[in-house]
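Subject: Structure for you to look at

Hello,

Here is the structure I said I would pass on. Please open it alongside this message, as my notes on it follow directly below.

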Amino acid sequence: MDNKNIFKSRKKEIIAVLILILIAVILFVCVRVFVEDKGKYVKVYVNEKLTKTFDLEIDQEYFIETKRGYNLLVIKDGKARVLDADCPDKICVDKGAISKNDESIICLPHNVVVTIDSNEEKAVDAEAK
């Protein structure tokens, strides 16, 4: 083989590899965008105990009151967010809305965790204090 044939062969291999990489990237983006990992339930944990479970599709508000303070949870349009809290840093409020499995909002000062899940596990209605 002379140098021209080797170059043409390598060029075809490089183009084939680039096309495969492009297809892989397109498939990855399509899976991330079009395959929803949307949860069905919002679970509220206070002091590591499940205190309340909500359907993510039912718009509602829930006032979470603990010994350390409060958080106002709002579920609207299939998303959950902490709209207000009296903690000093308000990281839980700044987190924004969540809707996909295993996403969570954490308020460390109040020991509150709000998480999204696709499995319903009923909580015992208990005082969160």
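The count of aromatic pairs in this predicted model comes to two. In one of them, the ring centres of F63 and Y70 are 5.1 Å apart and the planes meet at 20°, so this pair is stacked. Stacking requires planes under 30 degrees apart, which is why 20° qualifies. F63 is partly exposed, with a relative accessible area of 45%. Y70 is also classed as partly exposed, at 23%.

Next, the cysteines. A disulfide is a covalent bond between the sulfur atoms of two cysteines. How many disulfides does the model have? The count is zero. For C87, the closest cysteine sulfur belongs to C92 and is 3.8 Å away, which is too far for a bond. The cut-off that matters here is 2.5 Å between the sulfur atoms. C87 is buried, at 3% relative accessibility. C30, on the other hand, is partly exposed at 31%.

The largest nonpolar core has 21 residues. Those with the most contacts inside this core are V42, V44, I64, L73, A80, C92 and V114. Which elements supply at least two residues each? They are β1 (41–46), β3 (60–66), β4 (69–76), β5 (79–85), α2 (91–94), β6 and β7. If residues up to four places away in sequence are left out, C92 touches N71, V82, A85, C87, I105, I106 and C107.

β1 and β2 run antiparallel and are joined by six bridges. Within this pairing, V46 stands opposite K49 in β2. β6 and β7 (residues 112–117) also run antiparallel, with four bridges between them. There, S104 is opposite T115 in β7.

The other sheet is open too, with three strands in the order β3-β4-β5 and antiparallel pairing. Its edge strands are β3 and β5, each of which pairs on one side only. On average, neighbouring strands of this sheet are turned by 25° against each other, with direction ignored. Between β4 and β5, which run antiparallel, there are six bridges. K76 has K79 in β5 as its bridge partner.

The backbone angles at the turns deserve a look. Most residues other than glycine have a negative phi, and most peptide bonds are trans. Which residue in the hairpin of β1 and β2 takes a positive phi near 55°? It is N47, and the hairpin has two residues between the strands. E48 has a positive phi as well, near 70°, and is not a glycine. E48 is in the loop between β1 and β2, and at 78% relative accessibility E48 counts as exposed. D77 is another residue other than glycine with a positive phi, here near 55°. D77 lies in the loop between β4 and β5. Is D77 buried or exposed? With 61% relative accessibility, D77 is exposed.

Neighbours within four places in sequence aside, G69 is in contact with I64, D86 and H110. G69 and P109 are 40 residues apart along the chain, and their C-alpha atoms are separated by 8.2 Å.

Regards

Conventions: Residues are numbered from 1 along each chain as its sequence is written. This is a predicted model: local features need pLDDT of at least 70, side-chain atom pairs count only at pLDDT 80 or more; totals for chains, interfaces and linings use all residues. Side-chain values use heavy atoms; hydrogens and water are left out. Two strands pair if DSSP finds at least two bridges between them. A nonpolar core is a set of buried Ala, Val, Leu, Ile, Met, Phe, Trp, Tyr and Cys residues joined through side-chain atoms within 4.5 Å. Buried means under 20% relative accessible area, exposed over 50%, partly exposed in between (1.4 Å probe, protein chains only). Contact means heavy atoms within 4.5 Å. Rings of Phe, Tyr and Trp (its six-membered ring) pair if their centres lie within 6.5 Å; planes under 30 degrees apart count as stacked, over 60 as edge-to-face and the rest as tilted. Axes are lines fitted to C-alpha atoms, for helices over the stretch in contact, and angles run from 0 to 180 degrees between N-to-C directions.
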